[in-house]
Amino acid sequence: MFVSSAGTIAEEIARRLGEVSADNEDAYKGWINLGIRDIGNSFPNAPFMQTSADRTLSSGTRIYALPSDWGKMNIVTYPAGDVTLTYLEPEQFDILQPSASEGGNPSVYTLRGAGNASPRIEFYPSIAAAITLHYDYQKVMTTISAFSAVPDIPERYNELLVLYGESRGLRRRGLRGDAAAVEQEYEALKERMRQDLLSQ
């Protein structure tokens with residue numbers, strides 16, 4: 001069966017378990033989301049999760065919210081000035097006393113609240129006139145709330161989510177041996193995905 005959306009992934013999990021997906025929708029969504037999180041944690045630097053955004057800075061403002069899908073910053077540049085900003089840990093950044101108004105273009109940045117619900121980015125020095133910076137970053141994998149959603153992973157690896165859900169369904173039935181065999185398939189496919197990504 002061809003699986004692309006969360007709905008077709010759920011249907012394939014149900015088929016392998018001999019169930020009807022509509023009878024266990026919440027369980028299947030939960031398993032798919034757990035699988036998405038596991039894959040996201042296993043491949044934090046995956047090229048398919050790399051994205052970018054522009055951010056216009058305002059005069060006198062040095063702290064900004066990060067994009068809602070932000071997971072990890074790769075690089076921050078000021079394209080018009082041909083400058084790549086340097087990242088500093090918050091402790092090092094605070095030594096610069098960025099509250100002082102120095103003007104000019106930002107040369108360093110730090111991240112605050114990474115891992116929290118509202119991460120922020122702070123720049124130094126503060127600017128006198130608006131400029132646009134470019135963020136290159138890794139986005140977080142989006143969990144699904146509807147079966148029409150399409151997971152962020154490359155379609156050819158959606159089998160990972162099917163295997164993850166199948167193993168959870170087998171464990172729910174107490175079939176630990178069968179579940180362990182499916183989990184081995186899952187880990188083997190994850191390793192194949194890792195090798196494919198390394199070769200790109």
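**Strands, cores and a buried lysine**

Me: Three bridges join β2 to which strand?
Reply: Happy to start there, bearing in mind that this is a predicted model. The two strands run antiparallel, and Y64 stands opposite I121. The partner, covering residues 120–124, is β7.

Me: Which strands stand at the edges of the sheet?
Reply: Good one to trace by eye. Four strands form an open sheet with mixed pairing, in the order β2-β7-β6-β5. Each edge strand has a single partner, so one side of each is left without a neighbour in the sheet. The edge strands are β2 (63–65) and β5 (86–87).

Me: How many residues does the largest nonpolar core have?
Reply: Let's build it up from its parts. Helices α1 (6–17), α2 (25–42), α4 (159–172) and α5 (176–199) each give two or more residues to this core. Those with the most contacts inside it are I13, Y28, I32, I39, F48 and M193. Y28 also touches residues including A10, L17 and F147. The size of this core is 33 residues.

Me: Does K190 count as buried or exposed?
Reply: K190 lies in helix α5. Leaving aside residues up to four places away in sequence, K190 touches D38, S42, F43 and L160. Its relative accessibility is 6%, and buried means under 20%, so K190 counts as buried.

Terms used. Residues are numbered from 1 along each chain as its sequence is written. This is a predicted model: local features need pLDDT of at least 70, side-chain atom pairs count only at pLDDT 80 or more; totals for chains, interfaces and linings use all residues. Side-chain values use heavy atoms; hydrogens and water are left out. A nonpolar core is a set of buried Ala, Val, Leu, Ile, Met, Phe, Trp, Tyr and Cys residues joined through side-chain atoms within 4.5 Å. Buried means under 20% relative accessible area, exposed over 50%, partly exposed in between (1.4 Å probe, protein chains only). Contact means heavy atoms within 4.5 Å. Two strands pair if DSSP finds at least two bridges between them.
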